[in-house]
Amino acid sequence: MVSFRFHLVSLTAIFVALALGIGIGAGVVDRKTVDFLEGRLKTVENRATRTNAENDQLRADTARWQRFGDQGAAAFVRGKLDVPVVVVGVQGIDRKPVDALRQLFVASGARLQGTVWFTSKLKLGNPDDVRSLQGILGAPTTRPDALRRAMAQRLADGWLPGGPPTVLPALRDAGFVDFEAPSGEPVDLAAMPPAGARTVVVSGATPEVPNADVAAPFVTALVARAPNTVLAAEGGHDATADKPAQRAVFLRPLLSDSGTGNSLSTIDNLEDIRGRIAAVLAVAALGEGKTGHYGVGRGAERLVPEVGG
């Protein structure tokens, strides 16, 4: 007769064997899994190392091309322009690309007439400013957005020779615009701009006065009166290592307007030396009756325009 003690010993032996088998099997499986994961990790590390090396090389190449463009830009555009150029900007945008563009215009042979800046006073944040602009325009409305659009329209009306008297001097005297003369010497704003001038309007994503109320209606009205004389430009905004720059925030409504979009040129990468060179060439192309949309964002047709000569 088999004793209970024998059964107990047998059962214990079975459980011990099972435990040993499970332990040994688990050890083998875990080792294989660890080896597999370590291999995969090593592969990923190698790829990351190669990618970092390639990125470093690309950054170095980009920096060299940037220096090449900065150092050679004046030579690229020399002699491309021999016309008056007026720059119009909106306060609140990055001025560095605008300053660099103006220098490039001078290097190209353009006769820079000065820069008109729409100021933050056009926010019309107090009743005195509203009354002042209303008086300059002779407008019945007191709505700030409507007054700003009326101002842009009136300024465009008097922008060209043969139009009504310009309101530019009155706007400057009241502080709604600021004017930077190219040489620091006084300029007769009543005669601005001269006949045959090209106009470059620069804004961005976050100007101090809304694009829809000032810069955009000014461009639209100006293009309606003088097609093929206007370049609208902006740089990329808020670029980070993980997110590309926003493009054409100011330009997009102009591009979507078939009437306006076909009668002016645009640049969407003014922050880049390539965009500034393209801007000079685009102004030169306007003299040949050619318009186009240039840059690196959606809606751009080419990096640079085709210019004869």
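## Backbone features

Alanine 248 is buried, its relative accessible area being 3%. This residue of the predicted model sits in the loop that connects β5 (230-233) with α7 (252-256). Although alanine 248 is not a glycine, its phi is positive, at about 60°.

A positive phi, here of about 55°, is also found at leucine 124, again a residue that is not a glycine. Leucine 124 belongs to the loop between β2 (111-118) and α3 (127-137). With a relative accessibility of 5%, leucine 124 is classed as buried, since the limit for that class is under 20%. A further backbone feature is the cis peptide bond from methionine 192 to proline 193, where omega is near -10°. Proline 193 is placed in the loop between β3 and β4 (198-202).

## Salt bridges

The whole structure contains 15 salt bridges. One of them pairs arginine 102 with glutamate 180, with the closest N and O atoms 2.8 Å apart. Arginine 102 is part of helix α2 (residues 95-108) and glutamate 180 is part of strand β3 (residues 177-180), so this pair ties together parts that are 78 residues apart in sequence. The two partners fall into separate accessibility classes: arginine 102 is buried at 13% relative accessibility, whereas glutamate 180 is partly exposed at 23%.

Another salt bridge links the side chains of aspartate 129 and lysine 121, with an N to O distance of 3.7 Å. Here the acidic residue, aspartate 129, is the buried one, with a relative accessible area of 11%, while lysine 121 is partly exposed at 29%.

## A helix-to-helix pair and a network

Arginine 225 and aspartate 157 also form a salt bridge, and their closest N and O atoms are 2.3 Å apart. Because arginine 225 lies in helix α6 (residues 215-225) and aspartate 157 in helix α4 (residues 144-157), the pair ties together parts that are 68 residues apart in sequence. Arginine 225 has a relative accessible area of 37% and is therefore partly exposed.

Salt bridges with shared partners also join five residues into one network: Arg143, Asp145, Arg148, Arg149 and Asp213.

The largest cavity has a volume of about 30 Å³. Its lining consists of Leu251, Leu255, Thr266, Asp268, His293, Tyr294, Arg298, Gly299 and Ala300.

Sorted by class, this lining comprises four nonpolar, three polar and two charged residues. Among the lining residues, Asp268 and Arg298 count as charged because Asp and Arg belong to that class. Gly299 counts as polar under the classification used, because Gly is placed among the polar residues.

## Nonpolar surface patch

On the surface, a nonpolar patch is formed by Val296, Leu303 and Val304, which together have about 250 Å² of accessible area. Leucine 303, a member of this patch, is located in the segment after β7 (293-294). Its relative accessible area is 57%, so leucine 303 is exposed, the threshold for that class being over 50%.

How values were computed: Residues are numbered from 1 along each chain as its sequence is written. This is a predicted model: local features need pLDDT of at least 70, side-chain atom pairs count only at pLDDT 80 or more; totals for chains, interfaces and linings use all residues. Side-chain values use heavy atoms; hydrogens and water are left out. Patches are made of residues with over 30% relative accessible area and no salt bridge: like charges are joined within 9 Å, nonpolar side chains (Val, Leu, Ile, Met, Phe, Trp, Tyr) within 5 Å. Accessible areas come from the Shrake-Rupley method with a 1.4 Å probe; for residues, only the protein chains shown count as cover. A salt bridge is a side-chain nitrogen of Lys or Arg within 4 Å of a carboxyl oxygen of Asp or Glu. Helices (H or I, at least four residues) and strands (E, at least two) are DSSP runs, numbered from the N terminus. Buried means under 20% relative accessible area, exposed over 50%, partly exposed in between (1.4 Å probe, protein chains only). On a 1 Å grid over the protein atoms alone, a cavity is a set of points where a 1.4 Å probe fits but cannot get out, and a pocket is an open set with protein on both sides within 12 Å along at least five of seven lines; lining residues have an atom within 4 Å of a point. Grid points are joined across faces, edges and corners, and a volume is the space filled by probe spheres set on the points.
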